Amino acid sequence: MKDFIFRNDTKLLFRNDIRTTLVEIAKGHKVMFVYGGGSVKRNGCYDDIVQSLNEADIPFVEYGGSSCEFAKIQEGIRVAKTNGITMIIGVGGASVMDSAKLMAFGFYHESDLWDYVKGKTSYGLERLPLVLIPTYPSSGSENGLGAVAVDSRTGDFGTAYGIPADYAVLCPKYSLTLNKEMTTYTGLVTVVQLSACVLGDKNKMSYDAGISYIKNVLEATKILQQHPDDLDARGIIMMGASLSTSSRIGIGKEETFAYDIYELEFLPEKLFGSSYRRSLTSIFPKFLCAMGKHHPEEIGKYYLDAFGLDSSIEDSSQKLIELFSGLGVEMSYNGQITREQVDTIPCHTEFSKEEVFDIINSLIR
């Protein structure tokens, strides 16, 4: 059995009502409440947090409109320092949670924060206490170590690795305001991210666990098509997203080919202006089909175990497209691309340039 580590940096708290828990965690601190746009107010999380902190006489300042834009992160660090903040609570999707991580870390490492975004080791270094509450489940950022930042001033971007939250508080009711399409994407993106962990895992226990997570998340996604208020189904997706970035699955990976999906998904974002969720979901079956020529045993086993598909990899990939599109998400794009356009976008995978172009070109209807 391959050596592995179970990481336990973040305490994962599943709550139907966060208010009591939040007060217990934040007591004795001065909090900066970080959030993005208006969704946090529509889904009720804003009111729960503000009311809880006010009633418990816990001092706090708000920092709204946050994102992974580096200038906003820098501004947030200045706000935290100016106000003597001792804890950050970040609420929202991946972009907001990542920004909260970088503010908590940057509080002590502001001068060279961009160096950490570009790969300087950050794990174990000093940061502010950090609580993350996802309202758009799928990224798993609340339970992962990564934090993405983008600097539009230079066009550069990167991911700091090694910044865990102290607490991740999962509350399914905060995703009730997502529409049907967005709710479906929470499930399918989680399926893809779990799959990236599972593919190539040689540890039978973690592989079987990962397959179980995938099946349960997919079933929950189907349930929400007809019963969008089902909090159990929403909770399964939330839990699946957090597990996708934990150290509980993929512990027997000897090759990391499955993570090439994250290199490829960036191309539709750049070429078609796609969102991360649509790009990752639409490219996944094409990725599996192409990767099946490099790792046929692993891809074939995954298709059988996760979806019960035992035909050729090409046929199974087409059936997966039909499954995803049947749930109401777009699996192709309009437009045209050239080989030169694709070649100009950095993509570090084991695929040849010809294979990468063929994958992206096959997404055009």
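Lys-118 is partly exposed, with a relative accessible area of 44%. On that scale, buried means under 20% relative accessible area, exposed means over 50%, and partly exposed is in between, with a 1.4 Å probe and protein chains only. Before going on, a word on the source: this is a predicted model, where local features need pLDDT of at least 70 and side-chain atom pairs count only at pLDDT 80 or more, while totals for chains, interfaces and linings use all residues. Residues are numbered from 1 along each chain as its sequence is written, and side-chain values use heavy atoms, with hydrogens and water left out.

What does Lys-118 form a salt bridge with? The partner is Asp-156, and the closest N and O atoms of the two are 3.1 Å apart. A salt bridge here is a side-chain nitrogen of Lys or Arg within 4 Å of a carboxyl oxygen of Asp or Glu. Asp-156 is in strand S7 (residues 156-161) and Lys-118 in the loop between H6 and strand S5 (130-134), so the pair links distant parts of the chain, 38 residues apart. Helices (H or I, at least four residues) and strands (E, at least two) are DSSP runs, numbered from the N terminus. Asp-156 counts as partly exposed, at 26% relative accessibility.

By this rule there are 15 salt bridges. In general, side chains of opposite charge can pair when their charged atoms come close. I will show a few more.

Asp-151 forms a salt bridge with Arg-153, with 2.8 Å between the closest N and O atoms. Asp-151 is buried, at 8% relative accessible area, whereas Arg-153 is exposed, at 54%.

Glu-298 forms a salt bridge with Lys-202, and there the closest N and O atoms are 3.4 Å apart. Since Glu-298 lies in helix H13 and Lys-202 in the loop between helix H7 (180-198) and helix H8 (204-226), this pair ties together parts that are 96 residues apart in sequence. Glu-298 counts as buried at 18% relative accessibility, and Lys-202 is partly exposed at 48%. There is also a network of salt bridges linking Arg-339, Asp-343 and Glu-354.

**Rings**

Next, the aromatic side chains. A search of the whole structure finds 13 aromatic pairs. Rings of Phe, Tyr and Trp (its six-membered ring) pair if their centres lie within 6.5 Å; planes under 30 degrees apart count as stacked, over 60 as edge-to-face, and the rest as tilted.

Phe-105 and Tyr-116 have ring centres 4.8 Å apart and planes at 80°, so they are edge-to-face. Phe-105 lies in helix H5 (residues 94-109) and Tyr-116 in helix H6 (residues 113-117), so the pair ties together parts 11 residues apart in sequence. Both Phe-105 and Tyr-116 are buried.

Phe-284 and Tyr-302 are also edge-to-face, because their ring centres are 6.3 Å apart and their planes are at 85°. Phe-284 is in helix H12 (residues 276-291) and Tyr-302 in helix H13 (residues 296-307), so this pair ties together parts 18 residues apart in sequence. Phe-284 is buried, with a relative accessible area of 1%, and Tyr-302 is buried at 1%. Together with Tyr-303 and Phe-307, Phe-284 and Tyr-302 form one aromatic cluster.

The charged end of Lys-41 sits over the ring of Tyr-46, 4.9 Å from its centre; the rule is NZ of Lys or CZ of Arg within 6 Å of the ring centre and within 35 degrees of the ring normal. Lys-253 lies over the face of Tyr-259, at 4.8 Å from the ring centre.

**Two buried alanines**

Where does Ala-149 lie? Ala-149 is in strand S6 (residues 146-151), and it is buried at 0% relative accessibility. Its C-alpha atom is separated by 5.7 Å from that of Phe-70, 79 residues apart along the chain. Leaving aside neighbours within four places in sequence, Ala-149 is in contact (heavy atoms within 4.5 Å) with residues including Cys-68, Phe-70 and Trp-114.

Ala-258 is in the loop between H9 and helix H10 (260-264) and is buried at 1% relative accessibility. With neighbours within four places in sequence left aside, Ala-258 is in contact with Ala-196, Leu-199, Lys-253 and Phe-287. Lys-253 is the residue that lies over the face of Tyr-259.
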